[in-house]
Amino acid sequence: MALAVTRLVLIGPPGAETAEVAGRLAGGLGLPLISMRDAVQSGMRAGSELRDDLRRFMGAEQVPPLELVAAIVLRRLGEPDVVGGFVWWTESPVLPVLRSLETLMIQMVELVLSDAEATRRLTGRRLCRGCGEVWHVESSPTLVEGVCDRCGSELFHREDDFPAAVAHQLSVYHKHSAPVLAVYRVAGLLISVDATRPTEEIANELTSRLARS
Ligand SMILES: [Zn+2]
C-alpha cells in the first residue's frame, strides 16, 4: 500500500484510548510507534547534546521548558528508524510543540470524543488492587460490585478518575489542543475521526482513509 503521508501524530482527549489506536495503526501500517517517553529515552542516550538539560528535570517533578521538549521531539524524529515514517501518539503537555512541527508535513489525526463521553468513560473506571485489571461500572462491570472477577481482590476508584480531576484533564486538553488543531486544519493536514467506537474499528477506518489520501 502506497501512503502519501506516513508521518502521523495522533491526539485525543483522556479516555479516547489514543495510545491503543496508535498501536493498532502502527501495526497495520508497518510503521514504528513512538511516544514522548521514547523521545526522552533517546535524548538521554550517551552522546546526546540534550542529556545534561534533561537530567536537570528528571526526578524534579518539574515540566521542562517548551524549547527543550521541542528539541527532544526533533531529535527523535531525526533518527534513522523513523525516516520512512512513524506513528506518534501524544499527550497534552507536548501539544504546543506540534504547532512548530507543522512544516514537517505531519498528518495530524484527532480522535474526537465528547466531554460527556470522556467523563463517562473515565469516572466509571475501577481498578483492581490485586491484578491491576481495569473495569467499568457500566461498560464492563464485575459480577459483584467492588470485587474483581479475575482475582477476587477489591476494586478502587483512582483519584485521577474523580469527576473534578477528569474535568481538569479535559480542560487542559482543550486548551492545548485547540490552537494546534486549528493550525493543521488550515494546512489541510488534519483528519478527525469518531472515537466512540472500538479501537480496532477506528484504526481500520484510519488505515483506509490514509490509503486514499
Ligand atoms: Zn483482580
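A helix axis is here a line fitted to C-alpha atoms over the stretch in contact, and angles run from 0 to 180 degrees between N-to-C directions; helices (H or I, at least four residues) and strands (E, at least two) are DSSP runs, numbered from the N terminus. This is a predicted model, in which local features need pLDDT of at least 70 and side-chain atom pairs count only at pLDDT 80 or more, while totals for chains, interfaces and linings use all residues. Residues are numbered from 1 along each chain as its sequence is written, and side-chain values use heavy atoms, with hydrogens and water left out.

Helix α6 packs against helix α7 (residues 163-186) at an angle of about 135 degrees, the axes lying 10 Å apart. The two helices α6 and α7 are therefore oblique to each other, given that angles under 35 degrees count as roughly parallel, over 145 as roughly antiparallel, 65 to 115 as roughly perpendicular and the rest as oblique.

α6 (115-123) also contributes to the second largest pocket, as do β5 (125-128) and β6 (134-136), each supplying at least two residues of its lining, and the largest share, four residues, comes from α6. A pocket is an open set of points on a 1 Å grid over the protein atoms alone, where a 1.4 Å probe fits, with protein on both sides within 12 Å along at least five of seven lines, and lining residues have an atom within 4 Å of a point. The second largest pocket has a volume of about 450 Å³, the volume being the space filled by probe spheres set on the points, which are joined across faces, edges and corners. Of its 17 lining residues, the closest to the centre are G15, E17, R121, L122 and R125.
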